[in-house]
Amino acid sequence: VPAVAAGALLRGLAAVGLDVDRVRARCELSGDLDDPARMLPDKVWQALWAAAREQRSAPELAFEVGLAMPFGAFGMFDFLIGSAATCGAALSSLVKHFRLVAFGFELSLEGRDECPRVIVMDRGGATLDDDELTLGVTIARLRKLCTPPLRATAVSLRRKAAAGPFEALAGTRVVTGARHASVTFGAPGAAAKMTTADPALLRAMVALVPHVGLGEAVSEIEAAVRSRLRLSLADGVEGSKAVAEGLGVSVRTLHRRIAEAGTSFAEILDAYRAEAAERLLQAGGDVTSVGVQLGYRETSSFTRAFRRWRGMAPSRWVALHRR
């Protein structure tokens, strides 16, 4: 789980009146949650929701939290969306960069420009709370950041619950028990202007995406694998079993989905290590500590791997590239 997502959830819980200090204590959650490169164990996300529901058990809690989530709570992800020129560009950025804050599910953009529809596509990891939080945040962002404010005209939820409380929050018709969670927006749709449009900021945010350690041009499954490698490699585990467990799928399913994306686990692991090595060394890490973070038990093994990747020893690369 990206730490920024956990931090955003806490801000959303605070916005609806929950005691977030109590939630953090219940989950034993500490440290910087604004670091875009920090990952937390998957179980933290479920623990946060469990602790929140100890204070408020209403089925619509996640949807309400999403609607109340303050802009900027998701850090660079929010600014990627908010700095776009139009609603259409914002929604395209939302779909493209969604992996920065979520794994195991993705977003799809369908419908006509005058009535765009955002669909939450479960890839084996989405909970009902994930669905509803995502839709709530999406609705709130376009209500507040578009001119004129973009309104939801229809919402579908997978949760089998009374629609009334959700309709009161959404201000539109809500269908429950649907196959997919989705939200459809009305006119002017994709053409609506973003009040926070900032071309320079958008360029800066897009340039930062590769530096969170996922890379920009990777598939959803590769991004998900890379996110779990941060944790497993630091624990000295480099095999696919730990990654599969973190994603909640079998090793066989993991390898099948990776193959469908046209690559292999070994290739993803090697590419991730090469890119992460540069990022960590550039940030000031010493050769030994970087090797440990990437799962190498011996510094000499890391040095040999780095020579294969970049044609020189890591110490030489640092001398040439560190500023």
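Two strands pair if DSSP finds at least two bridges between them. Keep that in mind for this tour of a predicted model.

Select S1 (105–110) and S2 (residues 117–122). These two strands pair in the antiparallel sense over 6 bridges. Now pick out Phe 105. Its bridge partner in S2 is Asp 122.

The open sheet has 5 strands, in the order S1-S2-S6-S4-S5, and its pairing is mixed. Go to the edges, S1 and S5 (174–175). Each edge strand has a single partner, so one side of each is left without a neighbour in the sheet.

**Stop two: helices on the sheet**

Select H6, residues 87–97. Helix H6 lies across S1 and S2, and runs at about 150° to S1. Next, select H7, residues 128–145. Helix H7 packs on the sheet and touches S1, S2, S4 (152–156) and S6 (181–185). The direction of H7 makes about 15° with that of S6.

**Stop three: helix H15**

Move to residues 299–310, which form H15. This helix has 12 residues. From first C-alpha to last, H15 reaches 16 Å, close to the 16 Å expected at 1.5 Å a residue.

Show the side chains. Which residues of H15 are buried? They are Phe 302, Ala 305, Phe 306 and Trp 309. These residues cover an arc of only 100° around the axis, which puts them on the same side of H15. They pack against H13 (265–282), H14 (287–293) and H16 (314–321). Turn to the other side of H15: Arg 304 and Arg 308 are exposed there.

Finish at Gly 311, which follows H15. The phi of Gly 311 is positive, near 75°.

How values were computed. Residues numbered from 1 in each chain as written. Predicted model: local features only at pLDDT ≥ 70, side-chain atom pairs only at ≥ 80, totals over all residues. Heavy atoms only, no water. Helix = DSSP H or I, 4+ residues; strand = E, 2+ residues; numbered from the N terminus. Contact = heavy atoms within 4.5 Å. Axes fitted to C-alpha atoms, helices over the stretch in contact; angles between N-to-C directions. Expected span 1.5 Å × (residues − 1). Buried < 20%, exposed > 50% of the residue type's maximum accessible area, 1.4 Å probe, protein only. Arc of directions from axis to C-beta.
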